[in-house]
Amino acid sequence: MEDNSKEVQQEVTDKYSLRGRVFNRMREDILSGKYGRDEELREIAIAADFGVSRTPVREALRQLELEGLVHIIPNKGAYVTGISAKDIHDIYHIRSYLEGLCARWACGHISKEQLEQLEEIVYLCEFHAKKQHLEQIVELDNKFHKIIYGACDSKMLEHVLRDFHHYVERVRRISLAGEGRAEASNKEHAAILEALRAGDCELAEKLAHEHMLFAIENLKRCGL
């Protein structure tokens, strides 16, 4: 009886794991621009590409619709909604407040180890910005924000910000490639770090909020 229970539990775990892998891959393909806006997502073709049945693909499409990345028309098909230019600006404006809140909360919980990690990221980013190493800069930018998300002591806020951060990753790459933006962004990160180190929660919130506003202005300069 116990063995049978374990088998059932494993089947359930495998099902959700498979659906999760399909969902994450499809979401990544949409956000990276592999699928164009309004493009139809054919279950049969996607299932064949992933080497799975249509069931996890159908479940992934429903989840993508909940996230606003896909629109399903009954008896017709699923179509890519994606992230529009307005969506991008909306995300950045919303992030400007949430990133500020996150920095404020992180200020009261961030560890010495996390502060040291942020300091190392700022140092490395300064080096790579001078060399114009875009891939390393984007990766370090991701790490900087995710450390602060992890330090805010709120799994709900962390989850929302991680999703928003991921949604605009392609745009952030373009933005950070803009003239002088990587250096400016890193200086903004350094200021946020110093506020966190000093325990100045109000200043940390203000600087994190402004960091997003500066990013919005840079998006406009990049024509985004």
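A cavity here is a set of points, on a 1 Å grid over the protein atoms alone, where a 1.4 Å probe fits but cannot get out. Grid points are joined across faces, edges and corners, and a volume is the space filled by probe spheres set on the points. By this rule there are 2 cavities of 30 Å³ or more. The model is predicted: local features need pLDDT of at least 70, side-chain atom pairs count only at pLDDT 80 or more, and totals for chains, interfaces and linings use all residues. Residues are numbered from 1 along each chain as its sequence is written, and side-chain values use heavy atoms, with hydrogens and water left out.

**Largest cavity**

- The volume of the largest cavity is about 130 Å³.
- Its lining has 13 residues, and Tyr92, Asp141, Arg172, Leu176 and Ala215 are the closest to the centre. Lining residues have an atom within 4 Å of a point.
- Five helices each supply at least two lining residues: H4 (85-107), H6 (134-151), H8 (169-176), H9 (181-198) and H10 (201-221). Helices (H or I, at least four residues) and strands (E, at least two) are DSSP runs, numbered from the N terminus.
- By class, this lining holds 4 nonpolar, 5 polar and 4 charged residues. Ala, Val, Leu, Ile, Met, Phe, Trp, Tyr, Cys and Pro count as nonpolar; Asp, Glu, Lys and Arg count as charged; the others, Gly among them, count as polar.

**Second largest cavity**

- The second largest cavity has a volume of about 50 Å³.
- It is lined by Glu99, Ala103, Phe144, His145, Ile148, Ile192, Ala208 and His211.
- H4, H6 and H10 are the elements that give two or more residues to this lining.
- H6 provides the largest share, with 3 residues.
- The classes here are 5 nonpolar, 2 polar and 1 charged.

**Strand pair E2 and E3**

- Strand E2 (residues 70-73) runs antiparallel to strand E3 (residues 77-80), and 4 bridges join them. Two strands pair if DSSP finds at least two bridges between them.
- Ile72 has Ala78 in E3 as its bridge partner.
- E2 and E3 form a hairpin with 3 residues between them. In the turn, Asn75 has a positive phi of about 65 degrees.

**Gly33**

- Gly33 sits in the loop between helix H1 (2-32) and strand E1 (40-41).
- Gly33 counts as partly exposed because its relative accessibility is 38%. Buried means under 20% relative accessible area, exposed over 50%, and partly exposed in between (1.4 Å probe, protein chains only).
- The C-alpha atoms of Gly33 and Gly82 are 8.5 Å apart, while the two residues are 49 residues apart along the chain.

How values were computed: 1 Å grid on protein atoms, 1.4 Å probe; cavity = no way out; pocket = protein on both sides within 12 Å on 5 of 7 lines; lining within 4 Å.
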